[in-house]
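Q: I have a sequence and a model open side by side. Could you show me how to read the features?

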Amino acid sequence: MPPVTATFRFYEELNDFLAPPLRRREISCVCARAATTKHMIEALGVPHTEVELILVNGESVGFDRVLEEGDRVAVYPKFEALDITPMLRVRPAPLRVIRFVADAHLGGLAHLLRLAGFDTLYDNHYADEEIEALAAAEGRIVLSRDRELLKRRTITHGCYVRALKPQEQLREIVGRLDLIRSLRPFRLCLTCNVPLRSLERSEALGRVPDGVFERQTRFVTCDVCKRIFWEGSHWSRMRALVDSLARDRNAQ
Ligand SMILES: [Zn+2]
């Protein structure tokens, strides 16, 4: 089979991944023998996890479509406003439970996602292979600023995180995955990533500072680290962050 030439056009923010001369225009590419859409899209620099829809000659195809001579390939990111669900071919199904695994550089974001109630695995010693395995075994969305990690074949759901600061990263992920209605702040222990359990007030006696016990009525605990939490000033700051995400959404 001789090599074939296909034309590619990437839309919206997918252009950020391309070399500058290739952005926002048609790219003519000589494709290797039996190259698939996934192979060529990633060869051009775009991780497949960022792609929501591929049209070849106007028809929705999957990542395994082998390219043929003269194919015209249009590659789209997640659509914000347009419901394209019936057209989607690239992934069999969306994930029903939103769970994350964050790469080693996203500790701040992982912490904020737990705060917002999302089960998020994070360890700054995770190797890429471990992240890939966890994502596959537990149906987790991989969060990374490393596009090479997101190109790994078994990672089906991932997000390239553009923002640099944790609060902005949280805003980005909540917006992109439309999570505002799924926020469950103070559901998880920020250290252990497991659900918190409410505690009888009497059980907190002697285990929290006396002043705190007198002022507070609600206590929760983590069954892993055994720590007790209450609605202090830290809690208020967190609440403000979560409320600001909700306001962003309403302002749209
Ligand atoms: Zn804990």
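The dialogue below goes from the whole chain down to single residues.

Q: What should I know about the model and its numbering?
A: This is a predicted model: local features need pLDDT of at least 70, side-chain atom pairs count only at pLDDT 80 or more, and totals for chains, interfaces and linings use all residues. Residues are numbered from 1 along each chain as its sequence is written.

Q: How many helices and strands are there in the chain?
A: Start with the terms. Helices (H or I, at least four residues) and strands (E, at least two) are DSSP runs, numbered from the N terminus. Here the chain has eight helices and 12 strands. Its C-alpha trace spans about 80 × 40 × 30 Å along the principal axes.

Q: Into which domains is the chain divided?
A: Domain bounds come from an automatic or database domain assignment. That gives domain 1 (4-87), domain 2 (100-182) and domain 3 (197-251). The C-alpha centres of domain 2 and domain 3 are 25 Å apart.

Q: How many residues of domain 2 are in contact with domain 3?
A: Two residues are in contact if their C-beta atoms, placed from the backbone, lie within 7 Å. By that rule, six residues of domain 2 contact seven residues of domain 3. Helix 5 supplies the largest share of the domain 2 side, three residues. Across the chain, take the contacts with a separation of 6 or more: 61% of them join residues 24 or more positions apart.

Q: How do I read a sheet?
A: Strands of a sheet pair through backbone hydrogen bonds, either parallel or antiparallel. Two strands count as paired if DSSP finds at least two bridges between them. In this model, four strands form an open sheet in the order 7-6-8-9, with parallel pairing. Strand 7 (120-122) and strand 9 (158-160) each have a single partner strand, so one side of each lacks a neighbour in the sheet. The twist averages 20° from one strand to the next.

Q: Which residues stand opposite each other in the sheet?
A: Take strand 6 (residues 100-102) and strand 8 (residues 141-144), which run parallel and are joined by three bridges. There, F100 stands opposite I141. Strand 8 also pairs with strand 9 in the parallel sense, over three bridges. In that pair, S144 has Y160 as its bridge partner.

Q: Which helices pack on this sheet?
A: Axes are lines fitted to C-alpha atoms, for helices over the stretch in contact, and angles run from 0 to 180 degrees between N-to-C directions. Helix 2 (residues 107-115) touches strand 6, strand 7 and strand 8, and its direction makes about 150° with that of strand 7. Helix 3 (residues 128-138) also packs on the sheet, touching strand 6, strand 7 and strand 8; its direction makes about 175° with that of strand 6.

Q: How is burial judged?
A: Count C-beta atoms, placed from the backbone, within 10 Å of the residue's own: 20 or more others means buried, 12 or fewer exposed, and in between partly exposed. Buried residues make up 26% of the 252 residues here. I27, in strand 2 (residues 27-31), counts as partly exposed because it has 17 C-beta neighbours inside 10 Å. Leaving out residues up to four places away in sequence, I27 touches T7, F8 and L22.

Q: Which way do the residues of strand 8 point?
A: I141 and L143 point one way, V142 and S144 the other way, and all are buried.

Q: What about the helices?
A: In helix 2, L109, A110, L112, L113, R114 and L115 are buried. Just after helix 2, G117 takes a positive phi of about 100°. In helix 5, the buried residues are Q169, L170, I173 and V174. They cover an arc of only 130° around the axis, which puts them on the same side of helix 5. The arc is that of the directions from the helix axis to the C-beta atoms. D178 follows helix 5 and has a positive phi, near 55°.

Q: Where is the largest nonpolar core, and which residues touch the most other members?
A: In soluble globular proteins, nonpolar side chains tend to be buried together. A nonpolar core is a set of buried Ala, Val, Leu, Ile, Met, Phe, Trp, Tyr and Cys residues joined through C-beta atoms within 7 Å. The largest one has 29 residues, and A102, L109, L113, V142 and L143 touch the most other members. Strand 6, helix 2, helix 3, strand 8, helix 4 (147-150), strand 9 and helix 5 (166-176) each give two or more residues. Helix 2 gives the most, five residues. A second, separate core of 14 residues includes F10, C31, I54 and V73.
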